[in-house]
Amino acid sequence: MHADAVVLDVDGVLVDVADSYRRAIIETVQRRHGETIERATIQRFKDAGGFNNDWELTDAATLLVLAREAGYTGDAADFTDAVAAHEDGGLAAARAVLREAAGRDGFDADAVESQWDPEGVRETFQALYLGADLYREIEGEEPPFEAPGYIHDEPVIPEPGTVEALQSRFSVGVLTGRPSAEADIALERAGLSVPDEHRFTMDDWDEGKPHPHALTTLAGRFGADSVVFVGDTLDDVRTAVNAAEADGSRSYHGVGVLTGGLTGESGRRKYEAAGAAAVLDSVNDLPDLLE
C-alpha cells in the first residue's frame, strides 16, 4: 500500500485502553446508578457509530440502564442495534431510541432523562480515569472522590522501532477523540512526538469521527497524495471512507487494527465490511504493509 502520510488513532492503536477508558465507562455507570453494562455492550455502542467521545458513550450507557429500570423491554443488543439504525448515530440517536422505546413500552422518557446528569457522568468518569492527582492538574479543581487513576493501566502497543520506522519514512500525524492533555500523556508513553499542526484531538474540532474534516485537513497540511489512517473502530475506517468521498484529489486508506475492541475473524470481517483497505494484527505490522 502506497502512502505519503500516516495518521494514527491513539486508543487501541498506540495504547491499550481495555483497563482504562472502557473500565471507567463500566464503573462510572455502576458508581452512579448501582447497575452497569457488559464490556461487550461498549463495543456494540462503538460499532453502532458516533461514539468517538467516551463521555458520550457513558451517557448512552447510563440512559440504557435507566431505561431498563423504567420498563424498557429490550436488551443491550436491541438498544444498540436501534442506535445504529439512526442516521445521526451517537448520543443523539440513543436519546431518540429512548423516546421511541418509551412510547412502545409505556414508560416516561422525561423521567428517565431527569435522572441523567451529563456533567456528573463526566466528573465521575474523569476522577476514575485520571485519578486524584491528574484530575487536579488537568481539570483544575478537586476531584469528587479519591482514586488512583486507570490512565496508569494503559500498556503501550508499538514495539521498539515501530514508531521510528514510521517517522523515518512517512509524515506522521495523530487523529484522536482524546482531550489534548490526555493525548499528550499517551503519545509520550508511546514515544511519538507530533507537532500541534499535525494532530487533531477532541479539543480541536467539534464534529468528531467519522466526519472527514480532520483527516482531510491533515492531508492538506502534509501535502500528501496518499494518506493511511489507522484506527481500532469502525468509525475510524468510516472516517477514511468519508474523506475519500469528500476529497477526490487524494487517496485515503482506512486500516483497522485488532488490538482494540474488534478482535479475531469477526473483527476482521466487520472492518472489511466498513471499507477497510487492510486489517492488521497491530500497528507493529504497519511498516511492512506500506511502501
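From which domains does the lining of the largest pocket draw at least three residues each? The answer is domain 1 (5-16 + 155-290) and domain 2 (18-150), with bounds that come from an automatic or database domain assignment.

Welcome to this predicted model, in which local features need pLDDT of at least 70, side-chain atom pairs count only at pLDDT 80 or more, and totals for chains, interfaces and linings use all residues. Residues are numbered from 1 along each chain as its sequence is written, and side-chain values use heavy atoms, with hydrogens and water left out.

**Empty space**

Rolling a probe the size of a water molecule over the atoms shows where empty space is left. On a 1 Å grid over the protein atoms alone, a pocket is an open set of points with protein on both sides within 12 Å along at least five of seven lines, a cavity is a set where a 1.4 Å probe fits but cannot get out, and lining residues have an atom within 4 Å of a point. Points are joined across faces, edges and corners, and a volume is the space filled by probe spheres set on them.

The largest pocket holds about 210 Å³ of space. Its lining includes Gly 50, Asn 52, Trp 205 and Lys 209, and divides into two nonpolar, six polar and four charged residues. Here Ala, Val, Leu, Ile, Met, Phe, Trp, Tyr, Cys and Pro count as nonpolar, Asp, Glu, Lys and Arg as charged, and the others, Gly among them, as polar.

The whole structure has one cavity of 30 Å³ or more. About 280 Å³ of space lies in the largest cavity, and of its 25 lining residues the closest to the centre are Asp 11, Lys 46, Phe 51, Asn 52 and Asp 54. Helix 1 gives the most to this lining, with three residues; helices are DSSP runs (H or I, at least four residues) numbered from the N terminus. By class, the cavity lining has eight nonpolar, six polar and eleven charged residues. Domain 1 and domain 2 both give residues to the lining of the largest cavity, so it lies between them.

**Aromatic rings**

Seven aromatic pairs are found in the whole structure. Rings of Phe, Tyr and Trp (its six-membered ring) pair if their centres lie within 6.5 Å, and planes under 30 degrees apart count as stacked, over 60 as edge-to-face and the rest as tilted. Two of the pairs are set out here.

| Pair | Centre to centre | Angle between planes | Kind |
|---|---|---|---|
| Tyr 21 and Phe 125 | 6.0 Å | 25 degrees | stacked |
| Phe 200 and Trp 205 | 6.1 Å | 75 degrees | edge-to-face |

Tyr 21 in helix 1 (residues 21-33) and Phe 125 in helix 7 (residues 118-139) are 104 residues apart, so their pair links distant parts of the chain. Tyr 21 and Phe 125 are buried, as are Phe 200 and Trp 205; buried means under 20% relative accessible area, exposed over 50%, and partly exposed in between (1.4 Å probe, protein chains only). One aromatic cluster is formed by Phe 45, Phe 51, Tyr 72 and Phe 79.

Charges also sit over rings, meaning that NZ of Lys or CZ of Arg is within 6 Å of the ring centre and within 35 degrees of the ring normal. Arg 31 lies over the face of Phe 145, 3.8 Å from the ring centre, and the charged end of Arg 122 sits over Trp 55, 4.2 Å from its ring centre.

Key. Helix = DSSP H or I, 4+ residues; strand = E, 2+ residues; numbered from the N terminus.
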